[in-house]
Amino acid sequence: MSSLAAAPATDLLAVLQARFPAAVARPSVDHPAFNLPMAEVPAALLLLRDEHGYDLLIDVTAVDWDVEARPRFSVVWHLLSSTAHGYVRLVADCVSDAEPTAPSVVSLWAGANWHERETFDLMGIQFTDHPDLRRILMWDGYPFHPLRKDFPLAGIETPLPDLEVADLTKASVLPAPMMGGPFVASSGEMNLTEAEPRAKDESWNERSAKPAVL
Amino acid sequence: MPTDYAFPDSAAKTANAIEAPEFQTEKMSLSMGPSHPSTHGVLRLQLELDGEIVTGCDPVLGYLHRGDEKIAENMTYNQFVPYTDRLDYLAPLANNVAYACAVERLAKLEVPERCQAIRVICSEMARVSAHLLGLGAYGIDVGAWAIFLYTFTEREKLYKLFEELTGARFTTSYTRIGGVARDVPEGWVEKVDAFCDQFLPILENILNLLTRNKIFIDRTQGVGVISKADALAYGLTGPNLRGSGVPLDLRKDKPYSGYERYEFDVAIGAHGDCFDRYMVRGEEMRQSVRIIKQAIKSFPKGDWYAKDAVRIFAPRKDKVLTSMEELINNFMITTEGPQMPAGEVYFEAEVPKGALGFFIVSKGGGVPYRMKIRSPSFCNLSILPKVCQGNLVSDVVSILGSLDFVMGECDR
């Protein structure tokens, strides 16, 4: 690590743009944040780690910008410098909306392994060159990615993980009953009937039937 | 038998030497957990064993996954406060504070000094309480039952204080965005002070039972060594990172909630083994008491909520019943949630287990668009496959206890 001081946002932008002309600053409430093309992320992370002291990969996650949004998925990396104590956020949009992929950074930080497995599990982002991309929180063979916006809060009826048990008991994993809320009113709604607080996700409640398989 | 890893301690080395080639048979697969006393909850380790030596370890998580992030996207910022209790349920107050600080960053709210001091006292009491439990459970794991009884006696005193402050022993839900639920009760601060005074000598007694205990040292020293480079590569935080000699403490390095006003030392380990992590936690309790004492000594007068928080806090009940504007305000906050500006914010606080982070993506309105919870236990556990390799099965128990994780937070 040559320079250990966490550079301020503008300097970091200049540093990134010198190597990656496509890098742009991203609006952020707190830490320096940058948008990058997906393919350049590993090289940019390596640059930040080895030449600017951002040695801790704090978090890898993804955001689903809605079913209709184009691009639909963005992957977010947070780095922290253990010596200069600054954070930096890198964001890259997934090229494909149907089969979102991102490059794995397990070769840079071993700790990225579980973060990427979690992002794959809950958001369905495929990390290329990941050594062991399995589900981590949901069980192996679970068919959905629950943090996607088209997945209902209540859940979807799914076979039990153990098919032998499922055969024997004829049971399955059922959606949660949503009649107890959480209740939120839509803001700015002037129609009193519509403004009444109700479950934000109405994929299954007393007004509409249980969702079938997506 | 050629292996690609070094045996970290002498016991494992001896066990390996005894296993002469003529006794070598096939490897055994052993499922440890999810219901196992030393996995502290519902963690399952899929171990691959060569006799008594662990040659592979695959942690299986998710038994306590409740979809907290999905739930957060479907309720208002205020409604989510009780869910933060259930992350690290051994230090709910510290989680409450972390969440409140994260949303306040988004709302650009500054809380007054009294509120900050209350939050610091709460966080540090939660730290002492969590470390006491961690220490007690660790004692049981490695065969020192008595520790548990002493630490739980002290913890009970803390729980009485929590109950007096928040009305609940366990699920406190004490902080609000822009303040805390209510001011400290009369005489409570003095009681905390008195607790600290009597706690320090007892803490020394408890630690003395372990620090020079031959059995405890044999089971922890040189076991589960995590190098500085590994600790950083795996994103370890909190006492586990500091046990490996990296002096990163967010209270010191990225001060929030007025931590910069207090004097305290950051303890670090030299070897990165289980014993060092135990020593770091022991010292952290002393430092926590030191912080609490300072916060009480300079306990500021004034408000315990931010003046700008009127758009977030539900108004006072007597005002709601008598004034039209407050009634409307109360209705809007309850139904639509506190209105937040659009933006992206990431905030981490130093909770007992490490750095608990909230990444909030807001599109405006009363409900977060996306909330990612970065849990320290999840990251701390990701090093298990590496650190368990080459150890004895009984050392796995020792390593698990020294990492001091909570599955409620790991699985979310």
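How many residues of chain A are in contact with chain B, and how many of chain B with chain A? The legends below walk through this predicted model, starting with that question.

**View 1. Where chain A meets chain B.** Here 38 residues of chain A are in contact with 41 residues of chain B. On the chain A side, the elements that each give two or more residues are β3 (56-64), β4 (73-80), β5 (87-93) and α3 (112-123). The most comes from β3(A), which gives six residues. Sorted by class, this side of chain A has 23 nonpolar, nine polar and six charged residues.

**View 2. Chain A on its own.** Chain A has five helices and 11 strands. Its 214 residues include 39% that count as buried. Among the contacts in chain A with a separation of 6 or more, 49% join residues 24 or more positions apart.

**View 3. Helix α6 of chain B, end to end.** This helix runs through residues 145-166 of chain B, 22 residues in total. At 1.5 Å a residue it should span 32 Å, and its end C-alpha atoms are 31 Å apart, which agrees. Just after α6(B) comes B:Gly167, with a positive phi of about 90°.

View 4. Look for B:Ile147, B:Thr151, B:Glu154, B:Phe162, B:Leu165 and B:Thr166, which are buried. They cover an arc of only 115° around the axis, so they sit on the same side of α6(B). On the other side, B:Trp145, B:Leu149 and B:Glu156 are exposed. The cover over the buried residues of α6(B) includes α4 (92-107), α5 (113-141) and α7 (188-211) of chain B.

Methods: Residues numbered from 1 in each chain as written. Chains lettered and ligands numbered in written order. Predicted model: local features only at pLDDT ≥ 70, side-chain atom pairs only at ≥ 80, totals over all residues. Contact = placed C-beta atoms within 7 Å. Helix = DSSP H or I, 4+ residues; strand = E, 2+ residues; numbered from the N terminus. Nonpolar A, V, L, I, M, F, W, Y, C, P; charged D, E, K, R; others polar. Buried ≥ 20, exposed ≤ 12 C-beta atoms within 10 Å, placed from the backbone. Expected span 1.5 Å × (residues − 1). Arc of directions from axis to C-beta.
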